[in-house]
Amino acid sequence: MTERSTSVLEATEIVKTFGEGESATHVLRGVSATVARGEFVALVGPSGSGKSTFLSIAGTLLTPTSGALRIVGSSVLDLPEKALSRVRNRHLGFVFQFHHLLEEFTALENVLMPVYGARSWTRGPFGDRARMLLDRVGLSQRLSFRASKLSGGQKQRVAVARALIMKPELILADEPTGNLDRENSNELMALLRELSLDEGTAFLISTHDESIAQRCDRILSMVDGTLLGVEKGTSSPNGGPTGRESSSPAPDSFPVGQALGR
Ligand SMILES: Nc1ncnc2c1ncn2[C@@H]1O[C@H](COP(=O)(O)OP(=O)(O)O)[C@@H](O)[C@H]1O
Ligand SMILES: [Mg+2]
């Protein structure tokens, strides 16, 4: 993992088929996609189109039927599980629709979970980073609150801080705003965008919400297990809207309806 690469994710001809023969479900039918360093990318598509399956494969949580996958320049599909978990821990962060916090642990301890031995780490350099991240997501007053005492929006912000603790190059976010109301969704997206810029972390964010996709540099559009060739948006990583501005960008800058096949 010493190789420098401009791409944090390179997926080539990813095929995923569940089952065999007549009962086989062809979920991904040859998906190729790259995400550059620091890029902020949306993965849109209707429910059942294969977004979660693709994110699981990109995150090395699921093995594809065929295809190639490089994370930060290194091929990962042939790695044994122990090496894979190291790749995940060092280079990738995950945010899911459901926060998956440990309710009985504090916000600070939850952020430190990937570091492990959470309690004893709270004073070390990771503890300082965890406090900084919780401050960045607006929760500096909630460090020692148990997760069970936080609101849904607050829990998801803890989950974002947890995803960033190891300074990953890429965060895979699967419908991160799926359980949030409009206001909390907008706030979370603005926050992800800011963190991406500040930390230089690339994001690949699945959503079926157009206004969420509009906040990204680029849109990958999945239909029935295939990525449409259209990739809309600005071409330069992090050169697009900040996510802090109007939610209705210039009409020709993000033709999301077109990318969504409407
Ligand atoms: N483990 C599995 N076994 C069989 N089919 C699956 C499995 N996981 C997902 N699928 C199917 O793959 C398709 C795509 O699912 P998914 O990746 O969750 O789509 P999305 O996230 O876009 O809603 C769906 O038809 C789903 O039923
Ligand atoms: Mg899904």
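A residue is counted as near a molecule or strand if its C-beta atom, placed from the backbone, lies within 6 Å of it. The shell around ligand 1 consists of F18, T25, V27, G45, S47, G48, S49, G50, K51, S52 and T53. Two elements, β2 and α1, each give two or more residues to this shell. Helix α1 gives the largest share, three residues. By class, the shell holds two nonpolar, eight polar and one charged residues. Here Ala, Val, Leu, Ile, Met, Phe, Trp, Tyr, Cys and Pro count as nonpolar; Asp, Glu, Lys and Arg count as charged; the others, Gly among them, count as polar.

The model is predicted; local features need pLDDT of at least 70, side-chain atom pairs count only at pLDDT 80 or more, and totals for chains, interfaces and linings use all residues. Residues are numbered from 1 along each chain as its sequence is written, while chains are lettered from A and ligands numbered from 1 in the order in which they are written.

Four strands form an open sheet in the order β2-β1-β4-β5, and the pairing is antiparallel. Its edge strands are β2 (25-36) and β5 (74-75), each pairing on one side only. Two strands pair if DSSP finds at least two bridges between them. Nine bridges link β1 and β2 in the antiparallel sense. F18 stands opposite T25 of β2, and both residues belong to the shell around ligand 1. The hairpin of β1 and β2 has six residues between the strands; in it, G19 takes a positive phi near 75°. β1 also runs antiparallel to β4, with five bridges joining the two. There, V15 has S66 of β4 as its bridge partner. Strand β4 (residues 66-71) pairs with β5 over two bridges, again antiparallel. I71 is bridged to S74 in β5. Helix α1 (residues 51-58) packs on this sheet and touches β1 (7-18), β2 and β4; the direction of α1 makes about 125° with that of β1. Contact between two residues requires C-beta atoms, placed from the backbone, within 7 Å. Axes are lines fitted to C-alpha atoms, for helices over the stretch in contact, and angles run from 0 to 180 degrees between N-to-C directions.

A second open sheet has six strands in the order β6-β7-β8-β3-β9-β10, with mixed pairing. β6 (92-95) and β10 (226-227) stand at its edges with a single partner strand each, so one side of each has no neighbour in the sheet. Strand β3 (residues 40-44) runs parallel to strand β8 (residues 202-207), joined by five bridges. A42 stands opposite I205 of β8. Helix α6 packs on the sheet, touching β6 and β7 (170-174), and its direction makes about 170° with that of β6.

Helix α6 (residues 152-164) also packs with helix α7 (residues 182-199), at an angle of about 15° and with the axes 11 Å apart. The two helices are therefore roughly parallel, a term for angles under 35 degrees; over 145 counts as roughly antiparallel, 65 to 115 as roughly perpendicular and the rest as oblique. The crossing of α6 past α7 is right-handed, meaning that the near helix is turned clockwise from the far one by less than a right angle. G153, Q156, R157, V160 and L164 of α6 make the contact with N184, L188, L191, L192, L195 and E199 of α7. By class, this contact has six nonpolar, three polar and two charged residues.
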